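A short report with one table will do.

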Amino acid sequence: MSSLSVGGEAWTLRNLSNHAIESDNSRAEDTGSNTVEPSAVPQPSKAYQCLLVFAGFMMTFHVIGINSIYGLFQEFYTSPNSNIVGAQGEDALVSLVGTIGSGLTWSGSIFVNPLIGRVQNIKLISMGGAFIMSLGIFTASFCTELWQLYLTQGLLYGIGSSMYYFPIMSLTPAYFDRNRGAAMGIVLAGSGVGGLVLSPVFHILLTRVGIRWALRILGIWNFALGIPISSVVTKKHGVAATAAGGTRSLGALLQAAGNMVPVYFLTTYSISVLSYSSSTGSLLLAVNTAVNSAARIGMGILADRVGRQNTMILSVLFSGVAVFALWYDSDRVRFLAFVVLYGILAGGYNALLPTTITEIYGVQNYSSVNGFIYFIRGLGALFGAPIAGVILGSHQRGTRLSGGMLSNLNVLKSRYNEVAVFDGVLLLTAGVCVAYVRWLDARDKGGWTWKA
């Protein structure tokens, strides 16, 4: 075999070939450090997976849990007992406070996810978010005018909750495969449990210590709980950039807008139209969130077996059907059925969205697509409830409507029927968009499969 001398050392052609291969492998390892493939991501222990799921459950417990009980804030701020000047009967203006907060929780992903990519210690993002979120709740206790609530319980709370929410939500799905739907179902079930617990607790605080101290206690508790939860976030995944399709974005926008309307107006409807007491209205909201919590876990388990996209489509479509069938022109019996059934159905989309994004776009693209989709969802949340409030108009609870003297309760009920129609159309259209995305995904993958 021929040989040559390099630096006094004889090298055969085999030596040179082996050296070239080793050199290529070395360069591949060097360049590979900038691109993280899904298979290259180190998988954590089962103990860490369990800890991550528990941390996610507790995080949604108080982020989405607080968002879901804003109906109690709205009922108080628009009531004759309100501490906010000019808020009585102004459902549209007051609902905007809650939609700014919940909308920014999601749409804040547009700046939080890039921040996650740049910051090495991402637990600092989550901790900072818990502090800003809690500060927004605490400072809202000093507000006397609506614009002040927009800045505190709306803007500050929303920015902080987004920074607190997305580090865990961006991390969790990549650490699961076969049981990803169940894991995310458990994480997002925390929102329902949070609403179940926080609704009666906040109502008790409101009646015993008043709105100002109730907000202060809630803010302090939120920060105390947020610190240990944020400490769990210790790792991050490299992700590639991509864009979500227009139809999926439209579906996310409409579903978020429609999903928020019953949550915000459930309490006011039960008190104003059905003449329930405020404590019963609070209880109905708690029941809705409790059912929603259990349904998210059930939807996740079901989705792992019959298909995540299939389950999501049925969830969105039937939630729209429930609005038309049970909320529109409802009496007490039908409304109670709506509270339960909507709680079951509405949780499906929220629980399955992260896993569906992973299924369609891949784990390596999850963070970027998830950030964009949740930004769109935040925009949807911003317009859904305020437009419903505009449809409802300004009024005093069960007595006086804008533009007149004492009016029949049927006039107020007819306005709520218009709100129900608006909400049902949003949800059904969102369901059609989700179904169309299902068809597009099957086409792009080369053929239809029943489980998807």
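H6 passes H7 in a left-handed crossing; a crossing is left-handed if the near helix is turned anticlockwise from the far one by less than a right angle, and right-handed if clockwise. The model is a predicted one, in which local features need pLDDT of at least 70 and side-chain atom pairs count only at pLDDT 80 or more, while totals for chains, interfaces and linings use all residues. Residues are numbered from 1 along each chain as its sequence is written, and side-chain values use heavy atoms, with hydrogens and water left out.

Helices (H or I, at least four residues) are DSSP runs numbered from the N terminus. Two packed helices are described by the angle between their axes and the distance between the axes. The axes are lines fitted to C-alpha atoms over the stretch in contact, and angles run from 0 to 180 degrees between N-to-C directions.

| Helix pair | Angle | Axis distance |
|---|---|---|
| H6 (residues 123-140) and H7 (residues 146-171) | about 160° | 7 Å apart |
| H3 (residues 70-77) and H4 (residues 91-107) | roughly 145° | within 10 Å |
| H10 (residues 278-306) and H12 (residues 332-361) | about 40° | 7 Å apart |

Angles under 35 degrees count as roughly parallel, over 145 as roughly antiparallel, 65 to 115 as roughly perpendicular and the rest as oblique. H6 and H7 are therefore roughly antiparallel. In their contact (heavy atoms within 4.5 Å), the H6 residues include Gly128, Gly129, Ile132 and Gly136, and the H7 residues include Leu149, Leu156, Gly160 and Tyr164. By class, the contact of H6 with H7 holds 13 nonpolar, nine polar and no charged residues. Here Ala, Val, Leu, Ile, Met, Phe, Trp, Tyr, Cys and Pro count as nonpolar, Asp, Glu, Lys and Arg as charged, and the others, Gly among them, as polar.

H3 and H4 cross in a right-handed sense. On the H3 side, Tyr70, Gln74 and Tyr77 make the contact, and on the H4 side Asp91, Val94, Ser95, Val97 and Gly98. These divide into four nonpolar, three polar and one charged residues.

H10 and H12 are oblique to each other, given their angle, and their crossing is right-handed. Their contact has 16 nonpolar, seven polar and one charged residues.

A nonpolar core is a set of buried Ala, Val, Leu, Ile, Met, Phe, Trp, Tyr and Cys residues joined through side-chain atoms within 4.5 Å. The largest one has 114 residues, of which Phe73, Tyr77, Tyr165, Phe265, Trp327 and Phe335 touch the most other members. Helix H8 (residues 180-230) gives the most to this core, with 14 residues. Neighbours within four places in sequence aside, Phe73 is in contact with Gln153, Phe202, Ile211, Leu215 and Leu218.

Is Phe422, with a relative accessible area of 18%, buried or exposed? Phe422 is buried, the class for under 20% relative accessible area, with exposed over 50% and partly exposed in between (1.4 Å probe, protein chains only). Phe422 lies in helix H14 (residues 409-444). Beyond four places in sequence, Phe422 touches Val261, Gly384, Ile387, Ala388 and Ile391. Its C-alpha atom is 8.1 Å from that of Gly258, 164 residues away along the chain.

Phe375, in helix H13 (residues 366-392), is partly exposed at 25% relative accessible area. Not counting residues up to four places away in sequence, Phe375 touches Trp106, Ser107, Ser109 and Ile110. Phe375 and Gly103 are 272 residues apart in sequence, with 8.3 Å between their C-alpha atoms.

Key:
Helices (H or I, at least four residues) and strands (E, at least two) are DSSP runs, numbered from the N terminus.
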